[in-house]
Amino acid sequence: MAQLPVIGYGLAALAFLILTLLLLTSWQGRLHGALLASATGMSALWGLGLAFSVWPNPEVALLQIFAVETLRNGAWLLFLGAVFADGLGGSTGHRVLMYGGPLLALAMFVGGTAVFVADPAGPLSPASGQVLILGSLALSLSGLILIEQIYRNARSAQRAALKYLCVGLAGLFAYDLVLYSQAVLFAGIDPVFWSVRGIVAALCVPLIAIA
């Protein structure tokens, strides 16, 4: 059981790395391709970072988890915002959806880092832990909202291509939403949910690859 997180997140890192290499070899210079490769590459680093997040110094591990969680979510939200922008009008509501997620991730990274560094009680204080939990919960919810809007606003011809992408990414964000919602309710992350999370992420990769 102790090795399950290492194996799960290691598998996720390997799956996302393979997908990133496939995307780079077939990239045709389009912005969406670059953003998708960036998101899958960041997800590979996320899996690798969490697989090796058990350090002798737990404060280093928590800072590492905070960084890779925020950067991975921010990369996916940036990609989803670009996909959402295709074929949609420039209304205020659309602009909020396009830019709100990435800006939230950036604000969380900057503000969260400041809290971790400036907190006199250190990175392991309840305040620092709440930054990770509440921030990640907000980013997960933003991702699900974007995915729902992308599929809802897509034309009929586009939905066949977007279906697998939306299902794969919805799996990633929905699992995180459950994980962090439970952490808010019970004041702590469930170790079982955390342990199998890497395996769930790895299973979502084939759906993203098909898309």
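**Helix α6 and the spaces it lines**

User: Which helix gives the largest share of the lining of the largest cavity?
Analyst: This is a predicted model, and its largest cavity is lined by W46, R72, G171, L172, Y175, D176, R197, V200 and A201. With 4 residues, the largest share comes from α6.

User: How much space lies in that largest cavity, and how many cavities of 30 Å³ or more does the structure hold?
Analyst: The lining splits into 5 nonpolar, 1 polar and 3 charged residues. The structure holds 1 cavity of 30 Å³ or more. The space in the largest cavity comes to about 40 Å³.

User: What about the largest pocket: which residues lie nearest its centre?
Analyst: The pocket has a volume of about 670 Å³. Its lining divides into 15 nonpolar, 8 polar and 3 charged residues. Helices α1 (4-26), α2 (31-51), α3 (58-85), α5 (126-153), α6 and α7 each supply at least two lining residues, and the largest share, 4 residues, is from α6. Out of 26 lining residues, those nearest the centre are R30, H32, F79, V83 and A211.

User: Which residue just after α6 takes a positive phi?
Analyst: α6 runs over residues 156-186. Just after the helix, a positive phi of about 55° turns up at A187.

Methods
Residues are numbered from 1 along each chain as its sequence is written. This is a predicted model: local features need pLDDT of at least 70, side-chain atom pairs count only at pLDDT 80 or more; totals for chains, interfaces and linings use all residues. Side-chain values use heavy atoms; hydrogens and water are left out. The expected span of a helix is 1.5 Å times one less than its number of residues. On a 1 Å grid over the protein atoms alone, a cavity is a set of points where a 1.4 Å probe fits but cannot get out, and a pocket is an open set with protein on both sides within 12 Å along at least five of seven lines; lining residues have an atom within 4 Å of a point. Grid points are joined across faces, edges and corners, and a volume is the space filled by probe spheres set on the points. Ala, Val, Leu, Ile, Met, Phe, Trp, Tyr, Cys and Pro count as nonpolar, Asp, Glu, Lys and Arg as charged, and the others, Gly among them, as polar.
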